[in-house]
Amino acid sequence: MKNPEPMYVSPEDFPTVPLVLDGISSRFIRENKIIPLEWKNNVLKVILANPDDVEIIDALRVASSAEIVVFTADHQMIEEHLAKFYGQGAQNINRIIEDMDQQGFEYTGEEEEDVGHLKDLASEAPIIKLVNLLISRAVDSRASDIHIEPFEDELKIRYRIDGVLHDVESAPKKLQAAVVSRIKIMAKLNIAERRLPQDGRIRLRFGDREIDLRVSTIPILHGESVVMRILDKESIVIDLDLLGFFPETLADFNQLVKKPNGIILVTGPTGSGKTTTLYGALDKINSPDKKIITVEDPIEYQLKGVNQIQIKTQIGLNFASTLRHIVRQDPDVIMIGEIRDLETAEIAIQSALTGHLVFSTLHTNDAPSAITRLLDMGVENFLLSSTIRGILAQRLVRTICPHCKELDPSGSDQEEYKMLGIADGVTLYRGRGCETCAYTGYYGRTGIFELLVVNDAIRKAILANADANQIRAVGRQNSMRTLLEDGIKRITIGETTLNEVFRVTQEA
């Protein structure tokens, strides 16, 4: 029976990083013009320059003990991909693992490891090289986080790029103990402790760039999950003018941050850029005649001329206890990393009532919900109405890649666009996908914002114990634009897509 004709794969669907295959060398892959696509559920998908070569398919079947599914592609594109990832000079995880195997390194499961052996493993040159490669590749890929996750039969490595996780590598399970131990040593963590979560920090220099990595380990079923948050001091934007505000929203927010006292809140989920916005606000008002103190957990970036305090809960230095002492330091502006409980909220309100300008964050889905969250915590409504000056809710949306931006063939005549108020004939764009954006169609992010300025009408609503929907209705009567409406405006000027706006605003 004749095999079915292999499907053609376009270059956009090539893997962006090489797939690690136990028992199959880079040399074999290079010489036989094979691109491994996916190995899942005992099925190995490969692209072959010569899909009719039965000997190569049989060799792959024997080496992998898996069913082989064959695809084909343009010969020149296959050559270019192999030269990039499997060429003699290409540095990738496959080659490092092959070097380990050739040098006879043996790694057993971490359960049998003693501390001395773990230290020895983590100090081997190939492991150091492998971990450095994972970090440097993440920095080059503009990743914000590196996730190292142990599963039953593999060590999965993922990068978060522009807020979305991408599978990038899958290392053999036998390297798990060595890789995790190497990262723990770099972060000055206890490598013998595998039952409890740990936090640490790594400082690295890549050329002229200083990179800080916040490391978190947590025990899971098959070992320890490690997440490294990449803090690149050069990439942070602390200029409010560059964060993506529309001019009218920025003008209103600038007026708020220049108030002499009161509370200004920034809300949104983790990773929505709240701290960056607060840093931008502090930078805007930072001057020699003002004393600014921040209480953060953790301090993400150092701000010139600002007194920053790192919370240390293990010695009793928490938000509430620190804030009590801050007031005696005679500050003009206080920034609280997050209002987590009633005690912190009450001290923030007390500070605002005694003439301080207080900035803080809350985890709520939109601006009006911040009022109801504080009321639920137990804050009195008359205190809220007299201290809250404004609430900014925000999200980060991916922007269309400028290198492959094209007209959206579906156009704006679809029903969902009409329901959202996007008129017929509005030119919409999308990203086709190219090497620059790793074929996602998106490159970089910008903010969408919802600014609730607390005026007399909002104060009356707070005093009347109005719920979030009623406060939102009053805000919209006073020209507040919701997150969704701000996102739609971004779509109509060709910066992002409807799918992306829906992805980040579905809860709002």
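Searching the whole structure, which is a predicted model, turns up 2 aromatic pairs. One of them brings together Phe-245 and Phe-253, whose rings are stacked, with 5.7 Å centre to centre and 15° between the planes. Both of these phenylalanines are buried. The other stacked pair joins Phe-245 to Phe-449, at 3.9 Å centre to centre and with 10° between the planes. This second pair ties together distant parts of the chain: Phe-245 sits in the loop between β10 (223–232) and α8 (247–257), whereas Phe-449 belongs to strand β19, 204 residues apart. Taken together, the ring pairs make a cluster out of Phe-245, Phe-253 and Phe-449. Phe-245 counts as buried because its relative accessibility is 9%, under the 20% cut-off. Phe-449 passes the same test with a relative accessible area of 3%.

Strand β19 comes up again at helix α18. In this helix (residues 498–505), the buried residues are Leu-498, Glu-500, Val-501, Val-504 and Thr-505. They lie on the same side of α18, because the arc they cover around the axis is only 165°. What do the buried residues of α18 pack against? Their partners are β16 (388–400), α14 (415–419), β19 (442–453) and α17 (483–492).

Now for the nonpolar cores. The largest has 41 residues, and the members that touch the most others are Ile-263, Leu-265, Leu-374, Leu-384, Ile-388 and Ile-391. Helix α11 (residues 342–353) supplies the largest share of this core, with 5 residues. Leaving aside residues up to four places away in sequence, Leu-374 touches Leu-265, Ile-339, Ala-345, Leu-362, Val-379, Leu-384 and Ile-388. Another core lies apart from this one; it has 31 residues, including Val-168, Leu-189, Ile-202 and Ile-211.

Ile-202 also turns up around a charged residue, Asp-212. Asp-212 is located in strand β9 (residues 209–220). Is Asp-212 buried or exposed? It counts as buried, because its relative accessibility of 5% is under the 20% cut-off. Not counting residues up to four places away in sequence, Asp-212 is in contact with Arg-201, Ile-202, Arg-203, Arg-229, Ile-230, Leu-231 and Lys-233.

As for the cysteines, how many disulfides does a search of the whole structure find? The count is 0. Cys-401 is in no disulfide, and the nearest cysteine sulfur, in Cys-434, is 3.8 Å away. Cys-401 is also buried, with a relative accessible area of 0%. Cys-437 counts as buried at 4% relative accessibility.

Of the 508 residues, 49% are buried. Looking at contacts between residues at least 6 apart in sequence, 63% join residues at least 24 apart. The accessible surface of the chain is about 24,500 Å², and carbon and sulfur atoms account for 48% of that area.

Conventions
Residues are numbered from 1 along each chain as its sequence is written. This is a predicted model: local features need pLDDT of at least 70, side-chain atom pairs count only at pLDDT 80 or more; totals for chains, interfaces and linings use all residues. Side-chain values use heavy atoms; hydrogens and water are left out. A disulfide is a pair of cysteine sulfur atoms within 2.5 Å. Buried means under 20% relative accessible area, exposed over 50%, partly exposed in between (1.4 Å probe, protein chains only). Helices (H or I, at least four residues) and strands (E, at least two) are DSSP runs, numbered from the N terminus. Contact means heavy atoms within 4.5 Å. A nonpolar core is a set of buried Ala, Val, Leu, Ile, Met, Phe, Trp, Tyr and Cys residues joined through side-chain atoms within 4.5 Å. The arc is that of the directions from the helix axis to the C-beta atoms. Accessible areas come from the Shrake-Rupley method with a 1.4 Å probe; for residues, only the protein chains shown count as cover. Rings of Phe, Tyr and Trp (its six-membered ring) pair if their centres lie within 6.5 Å; planes under 30 degrees apart count as stacked, over 60 as edge-to-face and the rest as tilted.
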